[in-house]
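Grab a viewer and work through these exercises one at a time. Each task comes with a solution that you can follow step by step.

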Amino acid sequence: MRMNLPRVLLIIASVFTAFILQSCVLSRLGLPGATPNLVLVVVIAIAMAAGPGSGAIVGFSAGVLVDIAPPATGSLGQSAAVFAVAAYIAGHVQLERGLPDLRVVGTVAALSAGVTVALVVSDSLVGSGQFPWSALPSSMLSGAVYAGLLSLIFLPAISGLYRGAIEETGFA
Amino acid sequence: MRDAIRARAVLGLLLLASITLVLLDVRGSGAVSGVRGLTAAVVGPVEQAVTALTAPFTAMSRSAMSFGDKAVREQEAANQLNSLASNPGVSTQVARQAAELEQVLKVAGVAGYQVIPARVVAYGSGQSFSGEVTIDAGSRDGLATDMSVVTGDGLVGRIVAVAPSTSVVQLITNGESVVGARMLDSGQAGALSGVGQAGQAVLRLLDPTAAIKEGDKVVSFGSPNARPYAGGLPLGTVTSIRGDAGQADREALITPAASMTALDVVGVVVVAPRTQPRTATASAQASPSLGATP
C-alpha cells in the first residue's frame, strides 16, 4: 500500500498517542508482570496493514521515540532496531477484515516475547546494566498475554482507520 | 518479488542507521543529548497533563491490583481512616499526597536539607527493566543532574537528565545504580547496587568479615555537597545474606526503604546542610517524637 499525507499523519498520531498512554497510564496501573507494550502492538498493526517495507520504517521511528523520550535514558537506537525487525516480520502477515484470528493474535504475542528478549539482550551488550534473568520468563509471558489482548482491540481499529484514511481522500 | 527485495533493503538500511545511533550515543555525542532535551521539552508537558487527568483512574486500578497484599491494604485503610477523620470532603488521593509531602519535608527538615517537591509523572517501561521515572520539575525549578531524590521513607535515586519542566530520576534499584552505603549500627561502609528489580538491591561491605544480620538498617554514605547522593538517608533493611563471613563475595539483599513501585510525591535535595547529617534522618524515623520537634 502506498503512503500519502493523511496516512503519515495518522501513523504519527497513533504511535505518539500509544506512547503517552503506555508511559503515563498503562505503566501506572500496577498490572502484574511487564508493562503492556502498546507502542509495539500499534507498530505491528500498522505493519500488517502497510507491508514489511513501510512497516519497518514506522517501527524504526517508533523505536527512536521510545529511546529518546523521557523517562528513557538507555542507549539510542536499541528499540529502533528491535522494533524495525519486529515490524518487518509482522508486515508479512496478511490481515483480514473483522476480528483478528488466532494466527494473527499468536503472531503478535510471539513478536512481543521476542522483542522483550531482544531488548534485554541488546541492553546487556550495549548498556552496562546487570539484568535479573530470573524475571525474564514472567516478563515475556505477561508481556505476550497483554500484547495478544491489546491486539484484539487495536488491530481492527488501526487497520480500519488506515484503510479509511485513503478511501476518504479518493486516492485509491 | 520486487517489493520483497525493496523491503529487505529498507530493513538493512534501518539496521545500519540503528547501529550508527547506538555508536553515536555510546560515544556521548552532543547532538544526541540535544535531541533528547528537545524531545523531553515537548513530551514532558504532555505526559504531565495526561498523568494528572488519569490520576484518579490509575490510583483506583493500583489499589485493585494490590488486592490480597495485606500490608498495602492496611496502609490504604489507615490512610482512608485518617482522611475521613480529619476532613470527610478531602479525597483519599489528595490526603495521601499531602501526607507524603509532609513526611518528605519533615525528614528533610530534621537533616537540614532544602528540598523541592515534585510528582512522579511517568515510569519507564517494565519490559526493559529501566528503573527510571520522570518527575514534573526541571531546570526552571532549579534542578540539575546529580541531585538526590527522596521520599519520607528514604533515598529514591538521583537525577540523570534535566529538561525545562521535567527531569529523569535513576532509581537506586536500577541495574546501573551504585550508592555508597553505611550500616546504621556498626558504621561499616559498603556499596549498594541495584539489580533491576523494584523491591531489591544488593549490598557489599568493604570488610567481608564485618558483622551483618537480617533486619540491620542501611543508610547512605553521602557525597560532598550532597551530590550525587545526600548522606544519612535511609536506604533499606537487610532481608537476607548470601555467603559466610570472610567470604570475599559475600553480599546482603536489601529491601529499599522507599517503595519504588508506589512513588508519587518526592523531594529533590537542592541545598545540602552545612554539616553532614550522617544518621540524623534515620534516627528521626526510628523515633517519631524526634521528627515532630525539629
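A quick word first: pLDDT is the predictor's confidence in each residue, from 0 to 100. This is a predicted model, so local features need pLDDT of at least 70 and side-chain atom pairs count only at pLDDT 80 or more, while totals for chains, interfaces and linings use all residues. Residues are numbered from 1 along each chain as its sequence is written, with chains lettered from A and ligands numbered from 1 in the order in which they are written.

**Exercise 1.** Find out which element of chain B has the lowest mean pLDDT and which the highest.

Solution. Start with the chain: chain B averages a pLDDT of 79, and 81% of its residues score at least 70. Next, go through the elements; helices (H or I, at least four residues) and strands (E, at least two) are DSSP runs, numbered from the N terminus. Then look at residues 286-294 of chain B, where the pLDDT is below 50. Beyond near neighbours in sequence, that stretch has 9 contacts in the model (C-beta atoms, placed from the backbone, within 7 Å). For the complex, the predictor gives an ipTM of 0.82 and a pTM of 0.60.

**Exercise 2.** Work out how H3(A) and H4(A) pack.

Solution. Take helix H3 (residues 52-68) and helix H4 (residues 78-90) of chain A: their axes are 7 Å apart, at an angle of about 155°. Axes here are lines fitted to C-alpha atoms, for helices over the stretch in contact, and angles run from 0 to 180 degrees between N-to-C directions. That makes H3(A) roughly antiparallel to H4(A); the cut-offs are under 35 degrees for roughly parallel, over 145 for roughly antiparallel, 65 to 115 for roughly perpendicular, and oblique for the rest. Finally, sort the contact residues: 16 nonpolar, 5 polar and 1 charged. Ala, Val, Leu, Ile, Met, Phe, Trp, Tyr, Cys and Pro count as nonpolar, Asp, Glu, Lys and Arg as charged, and the others, Gly among them, as polar.

**Exercise 3.** Describe how chain B meets chain A.

Solution. Count first: the contact takes 53 residues from chain B and 48 from chain A. On the chain B side, H2(B) brings the largest share, 16 residues. By class, that side has 26 nonpolar, 19 polar and 8 charged residues. Now zoom in on helix H1 (residues 5-24) of chain A and H2(B): the axes come within 10 Å and cross at roughly 55°. That makes H1(A) oblique to H2(B). A:Ile20, A:Ser23 and A:Cys24 of H1(A) touch B:Val46, B:Glu47, B:Val50, B:Thr51 and B:Thr54 of H2(B).

**Exercise 4.** Trace the strand order of the barrels in chain B.

Solution. Strands pair if DSSP finds at least two bridges between them. One barrel closes with 6 strands in the order S1-S2-S5-S4-S3-S12, paired antiparallel. Its neighbouring strands are turned by 45° on average, direction ignored. Within it, 5 bridges join S4(B) to S5(B) (residues 167-171), and B:Gly157 has B:Leu171 as its bridge partner. H2(B) lies across S1, S2 and S4 of chain B, at about 85° to S1(B). Another barrel of 6 strands runs S6-S7-S8-S11-S10-S9, with antiparallel pairing.

Methods:
Two residues are in contact if their C-beta atoms, placed from the backbone, lie within 7 Å.
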